[in-house]
Amino acid sequence: MSRIAYVNGQYVPHLEAAVHVEDRGYQFADGVYEVITLHGGRMVGEKGHMDRLDHSLGELRIDWPMSRQALSVVIGEVIRRNRVGDGFVYIQVTRGVARRDHPFPENPESSLVVTARRMPPIDKETLRQGVSVITIPDIRWKRHDIKSVSLLPNVLGKQQAREAGAYEAWLVDDDGNVTEGTSSNAWIVTKDGELVTHNASYAILNGITRLSVLEAADEAGIKFSERPFSVDEALEAKEAFITSSTSHLKAVTRIDGQSVGNGHVGELTGRMLDLYVDFIENHGGPRHTGTWN
Ligand code: PMP
């Protein structure tokens with residue numbers, strides 16, 4: 001079956017899907033995106049993703065390409081036409097096509113691209129196996145709450161991780177604190193057993209998976225703390241993991257070549273993975289999508 005993409009009003013074969021060379025997304029990275037997990041045929045956290053898209057678009061003063069309801073219909077149609085049960089939907093909105101010039105064009109018409117891709121279903125065994133992360137300086141701009149398509153530092157960081165044999169790079173700010181991964185949120189269980197992830201602020205993208213995990217912890221009566229943590233604290237941690245729409249909740253067993261705890265998936269990490277999967281199956285995603293910065 002051939003893949004279908006939605007591009008500016010049309011459903012087209014994926015191989016032929018294209019935007020104009022003067023699309024501002026292509027020329028200036030003047031656009032935003034969302035990635036929504038599909039789990040067992042259902043979108044996880046659709047409302048959260050749409051609220052965050054609204055936040056990103058609003059902060060950059062890019063118009064919605066169509067109403068929220070219409071976008072929801074297009075997304076559903078792309079999923080249906082590609083027959084994706086487990087996988088993800090990618091949504092990109094840019095400030096549209098205009099003669100190349102830095103200021104906003106006068107009457108911009110936002111561009112919209114929606115694609116969908118199959119992925120293997122959530123496999124807890126694989127997620128529990130544990131991956132390595134490295135820490136590198138966070139050289140990004142200062143608005144990580146906006147899900148911008150301008151991902152060059154993230155691309156370079158992820159490549160550096162791969163070349164070091166690691167799965168992810170954790171980004172470290174000028175104060176020595178881990179903000180997040182290049183495409184995921186970062187979590188530790190401190191040596192005192194405290195579950196910690198960076199608070200929502202300009203410093204991180206407030207992940208929809210992160211929000212689900214926080215709500216799942218809350219429901220189970222597990223205490224957590226939303227605050228910055230340092231690389232030293234992470235190196236001393238008992239457990240660590242990352243969260244994202246495509247990695248779900250993945251154990252981290254090495255940081256900068258050093259074992260985390262005993263080097264195996266931690267007890268709380270394993271429990272949070274179970275709670276997370278139950279949570280999205282029961283609730284479909286976070287119910288409180290609160291603040292984005
Ligand atoms: N931080 C960054 C920088 C990301 O790119 C992502 C994934 N898009 C996340 C965090 C996790 O967000 P989510 O759980 O919504 O996928």
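Colleague: What counts as a helix or a strand here?
Modeller: Both are DSSP runs, numbered from the N terminus: helices are H or I with at least four residues, strands are E with at least two.
This is a predicted model, so to speak: local features need pLDDT of at least 70, side-chain atom pairs count only at pLDDT 80 or more, and totals for chains, interfaces and linings use all residues. Residues are numbered from 1 along each chain as its sequence is written, and side-chain values use heavy atoms, with hydrogens and water left out.

Colleague: Where does Glu34 lie?
Modeller: In strand 3, residues 31–39.

Colleague: Is Glu34 buried or exposed?
Modeller: Buried, because its relative accessible area is 0%. Buried means under 20%, exposed over 50%, and partly exposed in between, with a 1.4 Å probe and protein chains only.

Colleague: Which side chain does the Glu34 side chain contact?
Modeller: That of His49, in a polar contact of 2.7 Å. A polar contact is a pair of N or O atoms within 3.5 Å; within protein, one must be able to donate a hydrogen and the other to accept it, and residues adjacent in sequence count only if both atoms are side-chain atoms.

Colleague: New topic. How many residues surround the ligand?
Modeller: There are 17, each with a heavy atom within 4 Å of the ligand. Among the closest are Lys147, Glu180 and Ser245.

Colleague: Which elements each supply at least two residues of that shell?
Modeller: Strand 9 (177–181), helix 6 (208–219) and strand 14 (239–244).

Colleague: Which polar atoms lie by the ligand?
Modeller: A polar side-chain atom of Glu180 is 2.6 Å from a ligand nitrogen. One of Arg52 is 2.9 Å from a ligand oxygen. Ile208 uses its backbone: an N or O atom there is 2.8 Å from a ligand oxygen.

Colleague: How much of the ligand does the protein bury?
Modeller: Alone, the ligand exposes 390 Å², and the protein buries 93% of that. Those areas come from the Shrake-Rupley method with a 1.4 Å probe.

Colleague: What about Arg61 and His248?
Modeller: Arg61 is not a glycine, yet its phi is positive, about 55°. His248 is not a glycine either, and its phi is positive, near 60°.

Colleague: Where are they?
Modeller: Arg61 is in the loop between helix 2 (46–60) and helix 3 (68–82). His248 is in strand 15, residues 248–255.

Colleague: Is Arg61 buried or exposed?
Modeller: Exposed, because its relative accessibility is 64%. His248 counts as buried, because its value is 8%.
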